[in-house]
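Visitor: I am new to reading protein models. Could you walk me through a few features?
Guide: Gladly; let us look together.

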Amino acid sequence: MKEWLKHWDETKRLTREEAIKILNLPKEDMDDLIACAYALRTKYKGKKVSVQLLTNVRSGNCSQNCAYCAQSCESHAAIEKYRRVSDEKLYGDNDLVDDKHLARHCIGLSGIQFSDAEIEDLAERIREMKKKGTQICCSIGFLTEKQARLLKDAGLDRINHNLNSSRRFYPEICTTHTYEQRVANIHMLQDIGFEICSGGIIGMGERKEDVVDMLLDLREIHPESVPINFLLPIPGTRLADRDISGLTPEYCMKVLCLARLMIPTSDIRCAAGREVYFKGIEPTLFKVVDSIFASGYLTADGQGIDATMQMIRDAGFDGEIESTDEE
Ligand code: SF4
């Protein structure tokens, strides 16, 4: 394995068995694995770290039963619930993305289906934010083709729709919609011309094979961005007491390295769980990933923007200065 990593040939597509071997690598091979991921990261992303800001536009009261989610219909988590965040907050966050030169403004809406009037309402706000040229990604449930086109016409750049886990494991975490619906939704959005952000959550009780199978499907989808979340069990959700002792920094790093090896040209984002599972080892983390969130993930707090940018500089990398259409 060591020699294989040293002479990595990225034109060779990893097989399922090889990918599983990577998640089972012994500790002594970690340096070689990270070096391999770092070479790809540098080749395709340089030293750049894209920082995204997330605004929760709609919170809570979702009809779906995703086991990890504080906003699900089964959750008793003490979260703020609202149908639409104030314009002051939404546009204020968008100004922050602009002022701090962050890569992208991500906006999330709880729920799975939306009326045309709700989508038009959202489109109006996207049009307003796009006046500044901000790159915008929207995390939203299942859109009709008509609704997706409406948002595309409003200037929305990217849509986040995660696979979350493998096809096999998906019914364990959600029974109100299917994995197949998610894949079909992503393909519809790609056909319309959206950039795609799609990844998953690690630590929900899945096997290593499930992580690999999810990444194999993501390799086929080839999203522009692949967010990998590490479970933060939220009190009041079905996964509140999930044993996360397997989420060691070493295992989490292996998952991110595998994502980089399998989908090297995409942005690989260490999303939820970064501050918990990678605390103090950010310089190593940035050798593998080129994208993170600043300042909070929906219902869990994150670091502030300035602290995040400083942490990137301290690690020897550059916070991305982009987020305008004029570039
Ligand atoms: S569909 Fe989205 S908001 Fe609703 S429960 Fe699932 S993850 Fe949470």
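Visitor: Is F286 buried or exposed?
Guide: Buried means under 20% relative accessible area, exposed over 50%, and partly exposed in between, using a 1.4 Å probe and protein chains only. F286 has 0% relative accessibility, so F286 counts as buried.
Guide: A word on the source: this is a predicted model, where local features need pLDDT of at least 70 and side-chain atom pairs count only at pLDDT 80 or more, while totals for chains, interfaces and linings use all residues. Residues are numbered from 1 along each chain as its sequence is written, and side-chain values use heavy atoms, with hydrogens and water left out.

Visitor: How many aromatic pairs does a search of the whole structure find?
Guide: A pair of aromatic rings is described by the distance of the centres and the angle of the planes. Rings of Phe, Tyr and Trp (its six-membered ring) pair if their centres lie within 6.5 Å; planes under 30 degrees apart are stacked, over 60 edge-to-face, and the rest tilted. The search finds 4 such pairs. In one of them, F286 and F317 are tilted, with 5.7 Å from centre to centre and 55° between the planes. F317 is buried too, at a relative accessible area of 4%.

Visitor: Which residues do ring pairs link into a cluster?
Guide: F230, Y277 and F278.

Visitor: Which charged end sits over the ring of Y38?
Guide: For this, NZ of Lys or CZ of Arg must be within 6 Å of the ring centre and within 35 degrees of the ring normal. Over Y38 sits the charged end of K287, 5.4 Å from the ring centre. Likewise, K152 lies over the face of F194, 5.3 Å from the ring centre.
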